[in-house]
Amino acid sequence: MVPGVPLPPEIQLAQRLAGNEQVTRDRALRKLRKYIVARSQRATGGFTPEELLKVWKGLFYCMWMQDKPLQQEELGRTIAQLVHAFQTVEAQLQFLQAFWQTMIREWVGIDRLRLDKFYMLMRMVLNESLKAVKTRGWEERQIEQLLELMTAEVLSPDSQAPSGVKSHFLEIFLEELTKVGAAELTANQNLQFIDPFCQIAAHTKDSLVLHKIIQNIFEAIVEQAPLAIEDIMNELDTQSGKGGEASVGDDGDASDGDDGDASDGDDGDASDGDDGDVSDEDDGDASDGDDGSASDGDDDDASDGDDGGVSNENDGDSDESSEDEQDLQDTSPKKLPAGTVRGAGPEADKEQAWDEEENTGPVLQFDYGALANRLFKLASRQSTPSRNRKRLYKVIQKLRDLAGGTFPEDDVPEKAYKKLLEGRRERKKKKKRSPKPQPQNKEGGSETEASSAGPSTGRKRKRGRGADGKRGPPGKRSPGARAKGAGVQPPKRKRNRPAQSAE
């Protein structure tokens with residue numbers, strides 16, 4: 001480069017972003033944001049792809065130089081939010097394209113100690129890119145453009161993306177989509193987000209990509225199906241509950257006056273509205289023991305006593321009746337619809353807190369029948385590899401079962417699962433305790449019996465004969481007999497040679 005000519009601002013910012021001092025890097029990051037906002041507002045003279053690649057190289061090494069997990073998380077969020085500084089959709093897409101190209105180019109040089117923070121950066125950039133589409137109202141055209149970009153850069157067969165980038169992208173896509181748009185996206189929009197993965201799963205020859213798509217996209221949808229249906233039921237309960245409270249309150253005010261207000265207003269809300277499950281909730285809480293985590297001992301007796309009014313002191317005489325009542329109790333809903341009232345007391349407060357912790361938020365809604373038909377259309381083509389077709393047909397069967405109202409897991413209460421597990425453990429213990437069968441000898445007895453038996457039982461031992469032809473005492477053997485019994489030839493006796501007389 002000619003000396004004296006100033007460097008372009010993109011190169012200057014990239015050099016400062018990769019500096020050794022954190023103060024220099026933070027200052028360069030703030031200036032970069034202002035520079036992006038000022039330049040993207042112009043009608044002409046926007047960023048070129050080469051300039052954005054230089055900017056992203058500086059951002060990459062800015063993340064490389066950052067230590068300490070909390071500061072890494074803050075820096076990653078700040079870098080990911082730069083996408084909102086661009087004023088047009090085309091500029092945002094170019095910025096995201098430069099990011100994925102930079103990650104693919106630099107991925108090989110990342111050591112294992114810095115791998116986690118770049119995983120986190122990929123997750124945050126994906127999250128902010130989905131938020132950018134959300135701010136514009138989930139327009140269909142923008143969704144298509146974003147999916148085309150990510151598919152072409154990461155999952156396309158022509159892409160040079162390493163396996164680590166592909167696998168991590170497939171692992172986090174559905175999770176981040178759930179965080180950003182689960183409360184707003186419809187089933188048709190979710191199907192639009194999933195369609196590129198259906199196409200790739202049908203014709204890809206990469207076994208890793210096929211496995212990750214089936215595991216982290218399709219299997220995740222099947223596993224979340226009960227939660228999605230539960231969210232719909234909770235919404236219906238809240239809507240019906242609000243209407244019921246309003247109607248009962250109006251009737252009570254009009255008919256009974258002050259007394260009617262006290263009786264129909266409070267009691268009506270507790271019986272006809274969302275709070276009508278108070279008695280059932282108390283019994284269900286006592287039986288289930290904090291959402292099915294209670295033991296099967298005293299808690300079961302207490303629950304049977306409260307619900308049925310019968311004391312179960314003699315457990316051995318009432319096993320069948322207690323099991324039937326317990327099965328009925330276990331079928332009660334574990335999560336309460338919005339607006340329900342629990343019993344007062346510290347235990348109820350703890351249960352409510354635990355329910356709030358278990359509530360993971362809204363879940364993506366899908367039309368399982370439409371998704372199954374789309375997969376079947378792609379998998380039934382002649383160009384689809386047989387390996388892909390077999391795996392997709394299994395997913396299609398599960399989706400069709402969900403569309404027909406059949407869940408992948410049987411609706412068995414947790415206590416029943418615990419009893420089954422305990423029964424299996426007891427059987428395993430019994431098998432371990434039972435002695436192993438011992439091999440038998442030809443005579444029909446076992447080897448241990450033959451070895452432990454004394455001289456009076458079992459096989460009789462032959463007495464050896466002495467040199468004179470007579471049998472020796474019963475407890476002794478001749479050396480020749482012992483050698484024969486062991487399968488060794490008896491030692492030969494040495495003959496005494498006569499001493500030669502000296503001549």
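## A chat about helices in a predicted model

Me: Hi! Which helix does Ala98 lie in?
Reply: Ala98 is part of helix H5, residues 89-106. Helices here are DSSP runs of H or I with at least four residues, strands are runs of E with at least two, and both are numbered from the N terminus. This is a predicted model, where local features need pLDDT of at least 70 and side-chain atom pairs count only at pLDDT 80 or more, while totals for chains, interfaces and linings use all residues. Residues are numbered from 1 along each chain as its sequence is written, and side-chain values use heavy atoms, with hydrogens and water left out.

Me: Is Ala98 buried or exposed?
Reply: Ala98 has a relative accessible area of 3%, so it is buried (under 20%; exposed is over 50%, partly exposed in between, with a 1.4 Å probe and protein chains only).

Me: What does Ala98 touch, not counting residues up to four places away in sequence?
Reply: Leu52, Leu53 and Trp56, where contact means heavy atoms within 4.5 Å. Ala98 and Lys54 are 44 residues apart in sequence, yet their C-alpha atoms are 9.0 Å apart.

Me: Switching topic: where is Glu10 found?
Reply: Glu10 sits in helix H1, residues 9-17. With a relative accessible area of 4%, Glu10 is buried.

Me: And which side chain has a polar contact with that of Glu10?
Reply: Arg39's, at 2.4 Å. A polar contact is a pair of N or O atoms within 3.5 Å; within protein, one must be able to donate a hydrogen and the other to accept it, and residues adjacent in sequence count only if both atoms are side-chain atoms. Beyond four places in sequence, Glu10 is in contact with Tyr35, Arg39, Phe47, Glu51 and Val55.

Me: Which residues of H7 are buried?
Reply: Among them are Gln142, Ile143, Leu146, Met150 and Glu153. What covers the buried residues of H7 includes H5, H6 (115-135), H8 (163-181) and H9 (187-203).

Me: Last one: how many helices and strands does the chain have?
Reply: It has 21 helices and zero strands. Of the 503 residues in the protein chain, 35% are buried.
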